[in-house]
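Okay, thanks for coming, everyone.

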Amino acid sequence: MSTTQLSTEKKSIINWIESEKENMVQFLQELVSIPSDNPPGDCYKIAEHTEKRLKDFQFEDVSLLEVEPELVKEKGMVRLANVVSKAGFGDQKGPEIVLNAHGDVVAPGHGWTYDPYGGKIVDGKLYGRGAAVSKSDIATYTFATMALRQFAAQLSGTVSLAFTFDEEIGGLLGPKWLIDHGHIDPDLAISAGFSYSIVNAHNGCLHLEIKLKGKSAHAAAPHTGHDALEAMTGVLQAIYEYRDTLKDIRSNIPGIDTPAITIGLISGGINTNVVPDECTIRIDRRMIPEEDANKVEAEIRRLVEQKTKSYEGIQVEIQQILLARNFGPTPEDSPLIQTLATNWKDIMGKEEVEIDGIPLYTDGRLFAEAGIPTVLFGAGPRTLLEANGHRADEHVRVEDLVKATKIVALTLYDLLKPSA
């Protein structure tokens, strides 16, 4: 990295972040040490700790916003609160920029070399569940915002830290709840992402439960019943044939390939000697950004209903379990992406940053759905595979944590700096 071309203000921001490296790493280690597995989804303790630490860091406008217990229970969680802190700069007439990261994580699972809640640093890598996805971004966004305080009077606008804890089950009680309740009203959004690319699009995801109902009968007289499992066998075959056609549909967005469909769960039957009167499957349909979720769901429903007509006495019930809409692409020439890309080049010392999509779905979509220009960028690896995201020995490189914080801070500085 060469800072020779940077302004005095930007050099000061970078130097401040370097001086706070140990405190930033300690904050991340604290977050990693607090179990926030979802499920089961008891994420109140980590939210409380995050609120406390923001106050320790002298953020003045900090709110611990508990979500209604009945809504939390409906989503299968135990207790949930979101943390919002609004840092105003100058006359605050400029944009509100939201920085969103989530602190809930998948369960650690087996195979760890290091304590998944230990936050141990080995060879420059900080290990722990959530270290990369995405507790690291809570630390990055917090310290990036703090780095601007020395120039607060020169800037104009608001940085809203929005730390949420339900991403693993869809984010509807996190970012969407905050937007719907008016706790944030951003003009721009940066959501948890990677350090080596700017993500401007991602896939959507549709989960459907398909239940076929027939009529039970004794296995000695199977002709007196209607076999739901037999009918489901036909539906399964139809879905797999449909899956083969998806490989011919390709996205025009770099980083995203084709749609996909997976049958992830199946259950049915009463006993070995009984004709099954019910069989249920759940499917996961990944949608590229160019697809329309409503049309995709209608297409699958028609496919299943048409196939079951071949089987006498079978009734079909199809229920939507989850819909995470696809996102983007945010235009590459947008001020948000161009500003981020310029600062990325300055810190990384490379010519061009990759601007691409990912085949996952994230909370970022919820800001885009609200009409807010959105990108994913934060402290992380080149890929989730590289960091063992959602796997044993998840980690983040401390160097990437620091670099991402510098890039976000410089980007905020540029976006909040009033035009001459």
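So, how many salt bridges does a search of the whole structure find? The search comes up with 21, where a salt bridge is a side-chain nitrogen of Lys or Arg within 4 Å of a carboxyl oxygen of Asp or Glu. Before I go on, some housekeeping: this is a predicted model, with local features needing pLDDT of at least 70 and side-chain atom pairs counting only at pLDDT 80 or more, while totals for chains, interfaces and linings use all residues. Residues are numbered from 1 along each chain as its sequence is written, and side-chain values use heavy atoms, with hydrogens and water left out.

R53 sits in helix α3 (residues 44-56) and E30 in helix α2 (residues 21-33), so the pair ties together parts 23 residues apart in sequence. Helices here are DSSP runs of H or I, at least four residues, and strands are runs of E, at least two, numbered from the N terminus.

Now the domains. The assignment, which is automatic or from a database, gives domain 1 as 8-202 + 326-416 and domain 2 as 204-324. Their centres, over C-alpha atoms, are 37 Å apart.

What about the interface? We have 15 residues of domain 1 in contact with 13 of domain 2, contact meaning heavy atoms within 4.5 Å. The two domains bury about 1,000 Å² between them, 60% of it on carbon and sulfur atoms; that's accessible area (1.4 Å probe) lost on putting the two parts together, summed over both. On the domain 1 side, β8 (197-202) and β15 (354-358) each supply at least two residues, and β15 gives the most, with four. And salt bridges across this interface? The rule finds zero.

UniProt, in an unreviewed entry, puts "domain: Peptidase M20 dimerisation" at residues 200-311; positions are in the numbering used here, feature names are shortened, and annotations may be inferred rather than shown by experiment. The end C-alpha atoms of that span lie 45 Å apart, and the span is 31% helix and 32% strand.

Most residues other than glycine have a negative phi, and most peptide bonds are trans. Here, P39 and P40 are joined by a cis peptide bond, omega about 10°, and P40 is in the loop between α2 and α3. G328 to P329 is also cis, with omega near 5°. Finally, Q58 has a positive phi, near 70°, and is found in the loop between α3 and β1 (62-66).
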